[in-house]
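Please look over this protein model with an eye to its packing.

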Amino acid sequence: MSSPKVEIATVGGGCFWCTEAIFQEVRGVHRVVSGYTGGNAPGRPTYREVCSGLTGHAEVVQVTFDPDVITYYDLLVIFMTTHDPTTLNRQGADVGTQYRSVIYYHNEAQHETATKVIKELADSFDAPIVTEVSPLETFYEAEDYHQDYYRNNPRQGYCSYVISPKLNKLRKLHAEKLSKA
């Protein structure tokens with residue numbers, strides 16, 4: 001039996017805990033890894049360094065998915081509609097360039113799709129979309145305690161007050177795209 005075809009998407013929509021929790025519920029997503037990319041500091045950045053805002057890295061997730069089950073286009077629509085792509089370098093109380101809205105594309109087809117999704121959704125928001133679209137460079141996996149954060153800490157304050165409402169929005173807007181498990 002052959003393995004399913006997989007592709008990778010890399011996006012940042014503020015705190016990676018939120019974005020990770022969103023994509024973990026989507027049908028066709030095999031794996032979600034929190035990490036950092038888009039910076040200019042030498043070597044592997046740490047969470048503390050990224051949080052300082054001095055490295056230029058964004059908190060992102062890498063989503064490994066089956067394009068026969070969920071398309072890259074649909075992943076980006078889910079991404080754009082479950083965070084605020086109109087606020088520059090901020091999501092809610094999280095402020096700094098590390099929390100920017102960003103799509104890192106892996107190839108030209110992803111670049112074209114990202115541009116198309118942003119253009120198509122522009123009229124759905126009350127303010128201009130400021131989501132950055134950039135080529136992916138080096139992705140650094142975040143420390144172990146950041147992985148599966150919501151699943152491991154659902155009652156933690158940030159999870160209850162910030163992530164849970166985003167998951168409720170996901171479930172309302174994209175129910176047909178969610179896994180049943």
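## Packing in the predicted model

W17 and Y149 are both buried (under 20% relative accessible area with a 1.4 Å probe, protein chains only; exposed is over 50%, partly exposed in between). This is a predicted model, in which local features need pLDDT of at least 70, side-chain atom pairs count only at pLDDT 80 or more, and totals for chains, interfaces and linings use all residues. Residues are numbered from 1 along each chain as its sequence is written, and side-chain values use heavy atoms, with hydrogens and water left out.

**Aromatic pairs.** Searching the whole structure gives five aromatic pairs. Rings of Phe, Tyr and Trp (its six-membered ring) pair if their centres lie within 6.5 Å; planes under 30 degrees apart are stacked, over 60 edge-to-face, the rest tilted. The W17 and Y149 pair is stacked, because the ring centres are 3.6 Å apart and the planes lie at 5 degrees. W17 sits in helix α1 (residues 16–23) and Y149 in helix α5 (residues 149–152), so the pair ties together parts 132 residues apart in sequence. Helices (H or I, at least four residues) and strands (E, at least two) are DSSP runs, numbered from the N terminus. Ring pairs also link F16, Y36 and Y47 into a cluster.

**Helices.** The axes of α1 and helix α6 (residues 157–173) come within 10 Å and cross at roughly 35 degrees. Axes are lines fitted to C-alpha atoms, for helices over the stretch in contact, with angles from 0 to 180 degrees between N-to-C directions. On the α1 side, W17, C18, A21 and I22 make the contact; on the α6 side, Y158, V162, I163, K166, L167 and L170 do. Contact means heavy atoms within 4.5 Å. Helix α3 (residues 72–81) is largely enclosed by the rest of the structure, because eight of its 10 residues are buried. Among them are L75, L76 and F79.

Where do S134 and P45 lie? S134 is in strand β7 (residues 132–135), and P45 is in the loop between β2 (29–37) and α2 (47–51).

| Residue | Relative accessible area | Touches (residues up to four places away in sequence not counted) |
|---|---|---|
| S134 | 15% | I103, Y104 and Y105 |
| P45 | 4% | Y36, V50, H57, Y140 and E143 |

The S134 side chain also makes a polar contact with the E132 side chain (2.8 Å). Such a contact is a pair of N or O atoms within 3.5 Å; within protein, one must be able to donate a hydrogen and the other to accept it, and residues adjacent in sequence count only if both atoms are side-chain atoms.
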